Amino acid sequence: MSWTKIMECVPNFSEGRDLEKIDKIVNPFRGKEGVKLLDYSNDIDHNRLVVTVVGQPEALKEAVIEAIGIAVELIDLNHHQGQHPRMGAADVVPFIPIKGCTMDDAIALSREVGATVAERYNLPVFLYEKSASAPHRENLAAVRKGEFEGMAEKIKLPEWHPDFGPAERHPTAGAVAIGARMPLVAYNINLDTPSLEIAHGIAKKIRFIGGGLRYCKAMGVELKERGITQVSINMTDYTKTALYQAIEMVRFEARRYGVNVVGSEIIGLVPMAALIDTSAYYLGLENFSMQQVLEARIME
């Protein structure tokens with residue numbers, strides 16, 4: 001890839017079950033000059049679609065705007081149910097600088113996209129994380145609190161007036177959070193219990209807001225088809241809170257309930273450094289660095 005500037009976007013859409021709709025939402029990222037679709041995954045229990053795409057900023061912007069428009073057209077949150085919190089058809093749209101771009105570039109791009117989708121689709125837009133217009137809007141959980149159902153009243157409050165678009169919830173597509181952030185690792189840890197209460201209890205202990213790991217957000221999720229639960233985690237800065245810290249803390253907290261970890265999963269893509277760091281920990285490697293990874297040296 002010879003692009004001098006590379007921006008990543010990981011939009012999350014509130015559709016994980018209808019494959020025809022998923023294909024239509026993902027389609028704007030296919031076959032476009034200056035845009036490369038890296039990955040997309042849908043989850044039936046979460047009822048959510050996560051897309052990972054990179055591109056040159058201007059081309060990526062146009063593709064993201066098009067995909068949001070398709071989601072607004074196809075998804076009606078009045079009939080949406082799933083384990084994952086959501087407030088919009090296009091729920092959250094983060095931009096991440098990768099190469100030749102700065103965080104300021106990502107913030108500017110998020111604002112451009114926000115202004116455009118608000119005008120084009122009559123969609124209320126909240127800027128979050130590094131793009132936030134006020135400190136109380138930085139945390140996505142705070143922005144999304146109340147979800148689609150509660151947004152009808154929340155958006156009328158002066159402190160929750162949208163950054164772009166109308167100060168009323170879109171009747172079917174809700175609202176969208178758009179921002180700029182560090183690379184995030186979506187990491188889910190499965191438990192051998194159907195008790196959502198236990199999963200919630202463990203999540204509360206490991207997340208930062210509950211006194212746990214600094215760069216960790218977590219919640220309990222029920223996986224009905226498998227008869228188990230999971231601690232669904234967002235690692236917001238893997239360079240400061242490692243993946244192995246998350247799984248070891250879940251194991252530690254699970255013991256009090258007589259529950260075991262039976263597996264884990266990563267949703268979307270993950271930086272190589274996050275996996276190397278965890279591998280080095282479990283292998284007990286001393287003085288190991290990314291410079292010793294064959295693929296990392298080849299890509300230099």
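In this predicted model, V221 stands opposite Q230 of strand β10.

Strand β10 comprises residues 228–235, and β9 pairs with it in the antiparallel sense over 8 bridges. A further facing pair is formed by C216, which stands opposite M235 in β10. The two strands make a hairpin with 4 residues between them, and within this hairpin G227 takes a positive phi near 70 degrees.

Strands of a sheet pair through backbone hydrogen bonds, in either a parallel or an antiparallel arrangement. Here, 4 strands form an open sheet with antiparallel pairing, and their order is β9-β10-β8-β11. From one strand to the next, the twist averages 20 degrees.

**S232 within strand β10**

Strand β10 also contains S232. With a relative accessible area of 10%, S232 falls under the 20% limit and is therefore buried. Its side chain makes a polar contact with the side chain of N188, at 3.0 Å. Leaving aside residues up to four places away in sequence, S232 touches H46, Y187, N188, K217, A218, M219 and V221.

**Packing between helices**

Two packed helices are described by the angle between their axes and by the distance between those axes. Two pairs are set out below.

| Helix pair | Axes come within | Crossing angle |
|---|---|---|
| α1 (residues 19–26) and α2 (residues 57–74) | 8 Å | roughly 155 degrees |
| α7 and α8 | 8 Å | roughly 55 degrees |

For the pair α1 and α2, the axes cross at roughly 155 degrees. Angles over 145 degrees count as roughly antiparallel, so α1 is roughly antiparallel to α2. On the α1 side the contact is made by K21, K24 and I25, and on the α2 side by A67, I70, A71 and L74.

For the pair α7 and α8, the axes cross at roughly 55 degrees. This angle makes α7 oblique to α8. Helix α7 contributes L243, Y244, I247, E248 and R251 to the contact, while α8 contributes A274, L275, D277, T278, Y281 and Y282.

Which residues of α8 are buried? They are A274, I276, T278 and A280, and the buried residues of α8 pack against α7 (243–254). Of these, A274 and T278 are among the residues named in the contact between the two helices. Just after α8, G284 takes a positive phi of about 70 degrees.

Helix α3 contains T116. At 23% relative accessibility, T116 counts as partly exposed. T116 and K61 are 55 residues apart along the chain, and their C-alpha atoms are separated by 9.9 Å.

The loop between α3 (103–121) and β6 (125–129) holds N122. This asparagine has a positive phi of about 55 degrees although it is not a glycine. N122 is partly exposed, at 45% relative accessibility.

Strand β6 holds E129, another residue other than glycine with a positive phi, in this case near 50 degrees. Is E129 buried or partly exposed? Its relative accessible area is 23%, and E129 is therefore partly exposed.

Note on methods:
Residues numbered from 1 in each chain as written. Predicted model: local features only at pLDDT ≥ 70, side-chain atom pairs only at ≥ 80, totals over all residues. Heavy atoms only, no water. Buried < 20%, exposed > 50% of the residue type's maximum accessible area, 1.4 Å probe, protein only. Pairing = 2+ DSSP bridges. Axes fitted to C-alpha atoms, helices over the stretch in contact; angles between N-to-C directions. Contact = heavy atoms within 4.5 Å. Polar contact = N/O pair within 3.5 Å; in protein donor to acceptor, adjacent residues only side chain to side chain. Parallel < 35°, antiparallel > 145°, perpendicular 65-115°, else oblique.
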